[in-house]
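Have a look at the structure first, then we'll go through it.

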Amino acid sequence: MTRAALLVLADGRFPAGGHAHSGGVEAAVASGAVHDTVSLGAFCRGRLHTAGLTAAGLAAAAADGHDALVLDEAADARTPMPALRKVARRLGRQMLRAARVTWPSADLDRLARDRPQGVHQPVVLGVAARAADLTPLDAAQAAAYESISCPATAAVRLLSLDPFDATALLARLAPEMDDVADAAVTAAGRLTDLGIDALPAASAPLLDLTGEQHAAWTVRLFAS
């Protein structure tokens with residue numbers, strides 16, 4: 001294992017398409033719920049412990065070698081809104097393309113063949129982490145980080161926030177990211193004994209609703 005592979009996977013410049021998505025913060029800005037660094041911090045913390053925890057559990061399980069197609073179905077069950085399912089699969093397709101070039105593997109090729117319509121992004125992230133010889137904890141940490149770095153970066157553009165403040169916010173949330181990743185790995189470790197329900201299924205109903213509404217906007221800066 002090389003630790004540098006984790007840096008590549010978690011790097012915002014990895015061509016996985018995340019730069020075009022706001023993680024729900026564009027809708028939150030439009031509603032006034034997010035309007036400054038403090039409210040952005042509350043949004044990111046909430047997203048980390050709900051959507052982020054769920055994504056980290058799926059990524060950890062995939063990195064641990066569990067059936068990616070079963071995990072993809074579990075991701076569908078944990079994503080009730082059609083618009084967000086579509087986004088997750090679009091991001092998964094883009095990540096899969098990038099990962100197959102970066103870390104060629106039979107598992108990634110099989111995923112592309114068996115799910116041509118796309119696989120949920122956290123599942124692809126986990127399979128990519130395994131191909132890069134990373135651990136389930138690495139995959140969970142990358143998923144947890146992605147869940148809040150995406151909205152933090154988008155908020156800088158949407159609100160003209162100081163990027164230093166947004167980066168400091170991510171740094172302050174680092175201990176909670178570690179906690180979420182640890183919880184995700186623990187849950188993934190119980191999957192064999194307890195079945196798919198062992199994985200986190202933390203919900204964020206407001207994110208789900210605003211995500212569906214955002215998809216219907218005729219003018220928007222971000223795809224989601």
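A residue counts as buried when its relative accessible area is under 20%. Cys 44 has a relative accessible area of 0%, so it's buried. Keep in mind that this is a predicted model.

**Cysteines**
- Searching the whole structure turns up zero disulfides.
- Cys 44 is in no disulfide, and the nearest cysteine sulfur belongs to Cys 150, 9.5 Å away.

**Helix pair α3 and α8**
- Helix α3 spans residues 37–63 and helix α8 spans residues 136–159; they pack at about 150°, with axes 7 Å apart.
- Angles over 145 degrees count as roughly antiparallel, and α3 and α8 are therefore roughly antiparallel to each other.
- Their crossing is right-handed.
- On the α3 side, the contact includes Leu 40, Phe 43, Cys 44 and Arg 47, while α8 brings in residues including Pro 136, Ala 139, Ser 147 and Ile 148.
- By type, the residues of this α3–α8 contact split into 18 nonpolar, two polar and one charged.

**Arg 115**
- You'll find Arg 115 in the loop between α6 (106–114) and α7 (121–131).
- Is Arg 115 buried or exposed? At 17% relative accessibility, it counts as buried.
- Leaving aside residues up to four places away in sequence, Arg 115 touches Leu 69, Asp 72 and Glu 73.

Terms used. Residues are numbered from 1 along each chain as its sequence is written. This is a predicted model: local features need pLDDT of at least 70, side-chain atom pairs count only at pLDDT 80 or more; totals for chains, interfaces and linings use all residues. Side-chain values use heavy atoms; hydrogens and water are left out. Helices (H or I, at least four residues) and strands (E, at least two) are DSSP runs, numbered from the N terminus. Buried means under 20% relative accessible area, exposed over 50%, partly exposed in between (1.4 Å probe, protein chains only). Contact means heavy atoms within 4.5 Å. A disulfide is a pair of cysteine sulfur atoms within 2.5 Å. Axes are lines fitted to C-alpha atoms, for helices over the stretch in contact, and angles run from 0 to 180 degrees between N-to-C directions. Angles under 35 degrees count as roughly parallel, over 145 as roughly antiparallel, 65 to 115 as roughly perpendicular and the rest as oblique. A crossing is left-handed if the near helix is turned anticlockwise from the far one by less than a right angle, and right-handed if clockwise. Ala, Val, Leu, Ile, Met, Phe, Trp, Tyr, Cys and Pro count as nonpolar, Asp, Glu, Lys and Arg as charged, and the others, Gly among them, as polar.
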